[in-house]
Amino acid sequence: MNQLSVVHLLVLVVRRDLLLAMRRRADVLTILVFFILVVSLFPLGVGPEMGMLRKMAPGVLWVAALLASMLSLGRLFSADYLDGTLEQMMLTPQSLSVLVLGKMIAHWLVSGLPLVLMAPVLGLQFDMPAQGLLVLMIGLLIGTPILSMLGAIGAALTLGLRGGGVLLSLLVLPLCIPVLIFGTGAVEAVASGLSAVSNLSLIAALLMLCLVFTPWVAAQALRISME
Amino acid sequence: MLEVSNLACSRGDHLLFSGLSLTLQSGQIMQVQGENGKGKTSLLRTLCGFILPDEGRITWYGDDVRDLSEEYFASLLYLGHHNAIKDELSALENLQISAGLAGITLDERQAVSALRRLGLKGRERLPTKVLSQGQRRRVALARLLVGNAKLWVLDEPLTALDVGAVALIQELIGEHLGKHGMVIFTTHQPLVIGDIEISRLSLL
Amino acid sequence: MAINWFKYSAPSTFYGLAGRLVPWFAVPAAVLFVIGLYIGFFVAPKDAVQGEAYRIIFIHVPASILSMFLYLVMAGYAALGLIFNTRLSSMMATALAPTGALFAFISLWTGALWGKPMWGAWWVWDARLTSELILLFLYFGFIALHASIDDPRRADRAAALLAIVGSVNVPIIYFSVKWWNTLHQGSTIKFSGTSMHVAMQQSMFTLLLACWLYAVAVTLVRVRSIILERERNTLWVSELKEVGL
């Protein structure tokens, strides 16, 4: 039988993309370094006053994470598009939505997860309290997959266009604003002695929505772009 | 049986072809002819479902391929201008992954023997970026040996191949036709499959 | 009597129809602008709290309403074009985008002009103003994506998908921005009374109607040129007397 089960197919696609990422480790590291660099630029720009830095930290980290994931999105489909493997994937007797979901997961593992893991270290540079760091990490953990998923739609729509990278950011960044607001809101809530649960559950709700709809939308976008 | 009726296709506002009809039965082979820019590749890509035709329909054993999609894709093998191989992966990994995604279980021994038949002995485990153009094309062509697709859609399969490889491809196509397969292809080089007659479709 | 709507959905038929309709929207739009502005400037009384400066809202409010309304109309047309493959709907969506963006821009600009005397700053991160800014970016995204794809059919379909995703997102964005705003600052300045003066209402509604008529007229003019551009190789276009070689 040629049709694979959803889990089997997801495993295949994720393994493939992770293997490719492992062979191109430099790309992954570049994004991480970019993230660290952007975050480190802020104190240089606004001055080393700790009170202000502490207040700014969640916003700075989230915006830097947004920008870093935009950078890596350009390669999500375009590398496969240029060498023809994307074409072949679309011709397999498998659900394109599941294939796309697999690529989203792999993208997050490669470019989102490292940011989540790096965030607390950078948070310490900004003198964030331990509880704030924990909430920041949880927020990033459930928020960065949303960036990968919304970004995949933009990446699929801008496939093969000149100036695709800048255009991609223009299309995707406005859509990511809710995640940014709830993500930073959660940290601020904890900082002012409130519970972060409402903010975090809103991100989780967005994540669920994205899981249901974005693979299908991105698959349609791919079909439009491949014509 | 692949049936195309009254197909029209345009790129931008340039009409490539219209009123095109063709039928391909088991064991038949068809060459699409025409100068550059006459829509050969567009026709093959339309057959694969990438391009939505302006008019007309394509049916596979009586059913519209738009409705079949995944069923149809299971019987289709497409070889395009791009080799569809990843530079970072070895020939073996490339073949195994593409077979895996097509839903074909392919153990290492089978994959290696397919690559060897295409003359890639000793190069199975090298990253494909160190291979020559012709060798990379051979890796792509190894997909013809795995799987059970009935319809082969080959866009310029002979590009960058040497004489020996061309003979091999002709042999493979002959075997495929002998097993009641179908082939539709384009080429600018002569291709002879034993004494099998190649029907020709000219795009003007 | 049943009207054959599909007859009008053919670009060649719609081209002529749109041409005949334009004056019927453009002239009333101009008349209503004059009436609305007259009432706004000379009839409506001075606001007790905000003084004369409040009069900018007669432009600001209609522009904001239309910028949001037009985005939904645009997404609706785009969706029709994507689902039923009707070329005219996609052309309408493309024609609407610049007008929508213009209204979003006017709304931001007048908002800033209003903000200076009211809040003492040109820009305040007010929830509605921020949402309007994001809306402007969504319009820019639509226009930019459409412009950067050469093949018109792919451009229509890709931009349509973006517009649909955007319109699903608009309520989420609006809600999140409101949420963010209440976290960070108190409510903004309200009108002195709970009810507006009758003349204020009249002016605002007249101008809203005028803006809507203007949007229709401009969109029709724009869609006519899009039709001409897309169909330039067809026989009916070459037979038009205004095209004559």
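A salt bridge, as the term is used here, is a side-chain nitrogen of Lys or Arg within 4 Å of a carboxyl oxygen of Asp or Glu. One such pair in this predicted model joins two chains: C:Asp150 forms a salt bridge with A:Arg162, and their closest N and O atoms are 3.0 Å apart. The rule finds 3 salt bridges across the interface of chain C and chain A.

Chain C has 245 residues, and 47% of them are buried. Among the contacts in chain C with a separation of 6 or more, 77% are between residues 24 or more positions apart.

The next topic is how chain C meets chain A. On the side of chain C 28 residues take part, in contact with 27 residues of chain A. Together the two chains bury about 2500 Å², and carbon and sulfur atoms account for 74% of it. Within chain C, the residues that lose the most area to chain A are C:Arg154, C:Leu161 and C:Trp179, which together make up 25% of what that side buries. Polar contacts are present as well: there are 6 residue pairs in polar contact between chain C and chain A, counting pairs with both residues at pLDDT 80 or more. Two helices of chain C, helix 5 (127–148) and helix 6 (152–184), each supply at least two residues of the side that touches chain A. Helix 6 of chain C gives the most, with 17 residues. By residue type, the side of chain C that touches chain A is made up of 18 nonpolar, 6 polar and 4 charged residues.

Chain B also meets chain A. Here 29 residues of chain B are in contact with 30 residues of chain A. The area buried between chain B and chain A is about 2600 Å², with 57% of it from carbon and sulfur atoms. On the side of chain B, B:Phe50, B:Lys86 and B:Leu101 supply 27% of the area buried against chain A, more than any other three residues. Helix 3 (70–74), strand 6 (76–79) and helix 4 (91–101) of chain B are the elements that give two or more residues to the side touching chain A. Helix 4 of chain B gives the most, with 4 residues. The side of chain B that touches chain A divides into 16 nonpolar, 6 polar and 7 charged residues.

Domain 1 of chain B takes in 1–75 + 149–204, and domain 2 takes in 88–148. Their C-alpha centres lie 23 Å apart. Between them, 17 residues of domain 1 are in contact with 11 residues of domain 2. The two domains of chain B bury about 1100 Å² between them, 61% of it on carbon and sulfur atoms. Across this interface the rule finds 3 salt bridges. B:Arg138 forms a salt bridge with B:Asp162, with the closest N and O atoms 2.9 Å apart. On the side of domain 1, strand 7 (151–155) and helix 7 (163–178) of chain B are the elements that give two or more residues. Helix 7 of chain B provides the largest share, 6 residues. The side of domain 1 that touches domain 2 holds 10 nonpolar, 1 polar and 6 charged residues.

B:Glu124 lies in the loop between helix 5 (108–117) and helix 6 (133–141) of chain B. B:Glu124 counts as buried because its relative accessibility is 6%, and the limit for buried is under 20%. Beyond its neighbours within four places in sequence, B:Glu124 is in contact with B:Ser90, B:Ala91, B:Leu92, B:Val112, B:Leu115 and B:Arg116. A polar atom of the B:Glu124 side chain lies 3.0 Å from the backbone nitrogen of B:Gly122. B:Gly103 is 21 residues from B:Glu124 in sequence and 22 Å away in space, C-alpha to C-alpha.

Terms used: Residues are numbered from 1 along each chain as its sequence is written. Chains are lettered from A and ligands numbered from 1 in the order in which they are written. This is a predicted model: local features need pLDDT of at least 70, side-chain atom pairs count only at pLDDT 80 or more; totals for chains, interfaces and linings use all residues. Side-chain values use heavy atoms; hydrogens and water are left out. Contact means heavy atoms within 4.5 Å. Buried area is the accessible area (1.4 Å probe) that two parts lose on being put together, summed over both. A polar contact is a pair of N or O atoms within 3.5 Å; within protein, one must be able to donate a hydrogen and the other to accept it, and residues adjacent in sequence count only if both atoms are side-chain atoms. Ala, Val, Leu, Ile, Met, Phe, Trp, Tyr, Cys and Pro count as nonpolar, Asp, Glu, Lys and Arg as charged, and the others, Gly among them, as polar. Domain bounds come from an automatic or database domain assignment. Buried means under 20% relative accessible area, exposed over 50%, partly exposed in between (1.4 Å probe, protein chains only).
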